[in-house]
Amino acid sequence: MEELPILRRRRPGRWVLTLVVLLLASALARSLVTNPRFGWDTVGAWLFSRTVLRGLLATLELTAAAMVIGLALGVGLALMRLSDNTVARAVSWAYIWLFRGTPLLVQLLFWGFISALYPTLSLHLPFLPAIGDVPANSVVTTFTAALLGLGLNEAAYLAEIIRAGIASVDDGQTEAAEALGLSRARTLRRIILPQAMRVIIPPVGNETISMLKTTSLVSVLAYAELLYSVQIVYARTYQTIPLLIVASIWYLAVTTLLNIGQHHLERHFAKGSRR
Amino acid sequence: MMVQATGVRKSFAGHEVLRGVDLSVPRGTVTCVIGPSGSGKSTFLRCVNHLERPDGGRILVDGSPIGYEVHGHGLRELRHRDLARQRHQIGMVFQRFHLFPHLTALANIVEGPVGAGRPRTEATDEAMALLDRVGLADRRDAYPAQLSGGQQQRVAIARALAMRPKLMLFDEPTSALDPELVGEVLDVMRDLAADGMTMLVVTHELAFAREVADEIVFFDDGRVLESGPPARILTAPDHPRTRDFVTRVL
């Protein structure tokens with residue numbers, strides 16, 4: 001027995017699966033190459049065109065700005081939700097109820113048509129003169145409407161993610177910080193949030209990737225982000241499929257980059273958890 | 001008196017945990033609080049730095065009411081910022097350490113003083129001296145998860161000392177430790193007592209209490225049943241319940 005060599009276990013399933021995948025992949029590759037309707041030359045011609053790159057830039061700007069608004073507001077809403085102030089808790093709850101309870105598309109349209117609801121914007125507080133009186137359309141441009149729609153909606157989702165993250169940190173951490181006499185702000189910034197980040201980062205990464213693609217909804221407001229930019233082109237040239245491929249390639253490229261960024265962020269906030 | 005508590009009461013959800021605790025700790029002495037679990041020892045300790053808000057009674061630390069300020073003819077609850085300033089004077093060590101897991105040993109110790117506005121370089125120098133004092137100078141860059149329980153608790157003591165407190169509270173500091181690690185933590189506490197630190201220690205380590213405490217307080221059912229020097233409480237207590245507890249634990 002002792003002299004017998006150890007033989008590898010046979011794994012026939014792997015070979016079968018490999019064969020099936022190869023067959024399907026080659027069929028797909030063949031169709032990608034031979035089906036002229038993909039219009040690869042058109043894809044190539046438009047991929048780096050000014051119109052498309054401008055749309056891509058607008059998409060990136062919207063994604064970043066909406067996430068910044070969402071995060072800032074989301075932290076605030078999460079803290080309100082966790083505070084012992086009843087009014088703050090109720091306000092946060094109502095906000096999240098409203099913005100999670102209606103479709104984003106509807107919210108975007110509301111912001112887009114805000115001037116139908118409030119033709120001019122001014123603030124009337126009791127016993128005080130009215131402040132400002134400006135046409136709504138000059139304040140809420142297409143870009144602002146898009147940003148408000150995406151950012152305010154995102155805040156409701158991020159608030160819940162951040163709240164869960166903060167709640168995941170052991171109470172002992174707050175107690176230790178209290179016993180040391182750290183201020184509330186410092187406790188949050190230096191002790192609680194860095195630990196909550198480990199729980200917060202993965203879903204926020206998902207939200208960012210999702211936001212990148214959700215910005216395409218803004219095309220209903222005729223704001224020239226990536227999707228609307230290619231729509232303008234194919235409305236003129238009727239090369240619908242190639243231009244949708246152009247948009248998809250850019251969405252995929254940016255998503256891939258975001259994935260890499262998320263991986264590094266997760267590693268950073270895992271500090272201290274490895275032995 | 002460093003600590004002077006009178007008639008401290010506290011209930012959780014209708015259950016009375018503290019039923020009027022009177023206790024005082026003279027400056028520069030060590031008081032050990034012993035008693036069965038559930039007798040309110042830890043809750044009382046947490047009232048001393050206002051982690052728990054007592055329902056009744058008064059707690060003075062170094063003559064000041066903790067968590068309140070005299071306002072006209074009453075005591076008004078302090079704002080968080082002012083309470084934090086009071087807590088700077090009171091160090092606390094927890095049963096389960098509660099080190100900040102995302103910070104190194106050194107950063108754990110530096111956090112408090114820097115938060116209180118001391119310059120970082122000065123706080124770092126002092127933190128290094130404290131790490132040296134608890135015998136962990138070589139582990140300054142280790143994260144808590146890389147330290148043994150005993151080492152973590154020693155860092156936690158150093159973290160509390162970094163605030164230069166005039167009173168140290170210990171909440172069963174060795175109860176979460178493997179038996180072979182208890183000694184190193186008690187050694188640090190012994191040193192501290194020898195240095196004249198005023199300490200209030202909730203503990204089950206009766207041998208430590210006998211050796212280090214100036215006074216032992218026996219808690220039972222939310223009250224101080226009796227107190228006195230270790231020699232009397234641990235060998236000839238007045239009360240049968242104390243006698244019972246001491247013989248069971250020793």
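**Exercise 1. Find what the buried residues of helix H3 of chain B pack against.**

Solution. The partners come from both chains: helix H9 (171–180) and helix H10 (184–214) of chain A, together with helix H4 (120–133) and H5 of chain B. Packing rests on contact, where the C-beta atoms of two residues, placed from the backbone, lie within 7 Å. Helices (H or I, at least four residues) and strands (E, at least two) are DSSP runs, numbered from the N terminus.

A note on the model before going on. This is a predicted model, in which local features need pLDDT of at least 70 and side-chain atom pairs count only at pLDDT 80 or more, while totals for chains, interfaces and linings use all residues. Residues are numbered from 1 along each chain as its sequence is written, and chains are lettered from A and ligands numbered from 1 in the order in which they are written.

Next, count the covered residues. In H3(B), 9 of 11 residues are buried. Buried means that 20 or more other C-beta atoms lie within 10 Å of the residue's own; exposed means 12 or fewer, and partly exposed is in between, with C-beta atoms placed from the backbone. Among the buried residues of H3(B) are B:Ala105, B:Leu106, B:Ile109 and B:Glu111. Last, look just past the helix: B:Gly117 has a positive phi of about 100 degrees.

**Exercise 2. Describe the side of chain B that touches chain A.**

Solution. Start with the count. Contacts link 24 residues of chain B with 20 residues of chain A. Then assign elements. Helix H2 (80–87) and helix H3 (105–115) of chain B each supply at least two residues of that side. H2(B) gives the most, with 5 residues. Finally, sort by class: this side of chain B has 11 nonpolar, 8 polar and 5 charged residues. Here Ala, Val, Leu, Ile, Met, Phe, Trp, Tyr, Cys and Pro count as nonpolar, Asp, Glu, Lys and Arg as charged, and the others, Gly among them, as polar.

**Exercise 3. Locate the largest nonpolar core and follow one of its residues.**

Solution. A nonpolar core is a set of buried Ala, Val, Leu, Ile, Met, Phe, Trp, Tyr and Cys residues joined through C-beta atoms within 7 Å. The largest has 126 residues, and those with the most contacts inside it include B:Ile109, B:Leu131 and B:Ala158. Its largest share, 11 residues, comes from helix H8 (residues 142–167) of chain A. Now take B:Leu131. Neighbours within four places in sequence aside, its contacts include B:Ala105, B:Leu106, B:Ile109 and B:Ala158.

**Exercise 4. Work out how helix H6 of chain B is placed.**

Solution. Check the length. The 16 residues of H6(B) should span 22 Å at 1.5 Å a residue, and the end C-alpha atoms are 24 Å apart, which agrees. The expected span is 1.5 Å times one less than the number of residues.

Find the covered side. B:Val185, B:Val188, B:Met189, B:Leu192 and B:Ala193 are buried. They lie on the same side of H6(B), because they cover an arc of only 145 degrees around the axis. That arc is of the directions from the helix axis to the C-beta atoms. An α-helix has 3.6 residues a turn, so residues three or four places apart point the same way. On the other side of H6(B), B:Glu180 and B:Ala194 are exposed.

Name the partners. The buried residues of H6(B) pack against strand E3 (30–34), helix H5 (149–161), E9, strand E10 (198–202) and helix H7 (206–212) of chain B.

Zoom in on B:Val188. This residue is buried because 22 other C-beta atoms lie within 10 Å. Beyond four places in sequence, B:Val188 is in contact with B:Val134, B:Arg154 and B:Ile157. B:Val188 and B:Arg154 are 34 residues apart in sequence, yet 7.3 Å apart in space, C-alpha to C-alpha.

**Exercise 5. Compare two loop residues of chain B with positive phi.**

Solution. B:Glu172 is in the loop between strand E9 (167–171) and helix H6 (179–194). Its phi is near 45 degrees. B:Glu172 counts as buried because it has 21 C-beta neighbours inside 10 Å.

B:Asp221 is in the loop between strand E11 (215–220) and strand E12 (223–228). Its phi is about 55 degrees. With 15 other C-beta atoms within 10 Å, B:Asp221 is partly exposed.
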